[in-house]
Amino acid sequence: MIDSSPTVGYACINLNLQANKIMTNRGMIKKTFQSRGLAYASELALKNVQDLLTIVDWNLEHGFRLFRVSSDLFPWASEYKIAELPDFMEIRATLEEIGSRPIRLTVHPGPFNHLAGQGSVLTNTIKDLEYHADVFDLMGLTPSHWNKINIHLGGTYGDKMATIDRFCANFNRLSENLRARLTVENDDRPSLYSVRDLVPVHERIGTPIVFDYFHHSLHPDGLTEQEAFLMAYDTWDVRPVVHYSNSRRDYEDPKARAEAHADWLYTPANTYGREVDIVFESKMKELSIMRLRGDEPDLTPQLERLINQQKKKDPENPPAEVVG
């Protein structure tokens, strides 16, 4: 059973609240942004951060003291500085209010970020990662791995060691506040990066390793779960964050892809006697944790419709909600 420990959290979307149109990932298509510009981006961003405050307060009331913030708070954030938005003063005040709450906030920028990339790929990656650091700065959060900005190393570009070298070199191009928050996560494919692969990265630039149980089960690289867990655990300078989910193929659909996350949670995480914070990456978000606690959610028709929609989304990187 999962209890109401402050170490339990989930990612990006609160389904109970989204059923009532409370969400933090309102966005728009490029054509709309080009026609309506900063004013509309600012309007959506303000609604997103206001709703983030509502979600954070709901989390605290229900025993969740860890939450992964959506990367889509600011629509088309690559096209402007947050301070340029017409509603910046109100946005900043709301972000400061969020940052004052006793909750651990993290973020997981999208898979298109490749810090080992080159040219425009690297330029866009740095821009996106710095945007996430700016949001945490505006919240008044002290730069540290407590509020992690978590990424994957990305592809190997045909040479894993050369890619690791480039990742470490490009790390030094990031701002000090971003470097202080950056973490890396093990992958779910043997062609990519295991916990074992990431240890040298930590040894060179100090980035802690976020241990993902499900990913490790698909790419153990000769390590037991306990060995990999402890290897990652020892890279942290604050209480570690780990990611946990179950296999859709094992518990819900034998025809699902091996990498597919289950909609719900079926088993607890073994933390091997260590204190960690756990982000549960099930598609049913807070409902999964509530169900494992024995607190069966009240499935209204509106919430049931939302659950059916959620089953089609990636629990790690859900898409933005396009509103116009």
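**Pockets and core**

Helix H4 contributes the most to the lining of the largest pocket, with eight residues. Before going on, note that this is a predicted model, where local features need pLDDT of at least 70, side-chain atom pairs count only at pLDDT 80 or more, and totals for chains, interfaces and linings use all residues. Residues are numbered from 1 along each chain as its sequence is written, and side-chain values use heavy atoms, with hydrogens and water left out.

H4 spans 119-138, and both H4 and strand E3 (66-69) supply at least two lining residues each. Helices (H or I, at least four residues) and strands (E, at least two) are DSSP runs, numbered from the N terminus. A pocket here is an open set of points on a 1 Å grid over the protein atoms alone, where a 1.4 Å probe fits, with protein on both sides within 12 Å along at least five of seven lines; lining residues have an atom within 4 Å of a point. The largest pocket holds about 760 Å³ of space, a volume being the space filled by probe spheres set on the points, joined across faces, edges and corners. Its lining has 34 residues, and Ser71, Ala77, Phe112, Asp128 and Tyr131 are the closest to its centre.

The second largest pocket has about 530 Å³ of space. Among its 25 lining residues, Pro111, His152, Asp188, Asp314 and Glu316 are the closest to its centre.

Now look at Leu105. Beyond its neighbours within four places in sequence, Leu105 is in contact (heavy atoms within 4.5 Å) with residues including Val56, Phe67, Met139 and Trp146.
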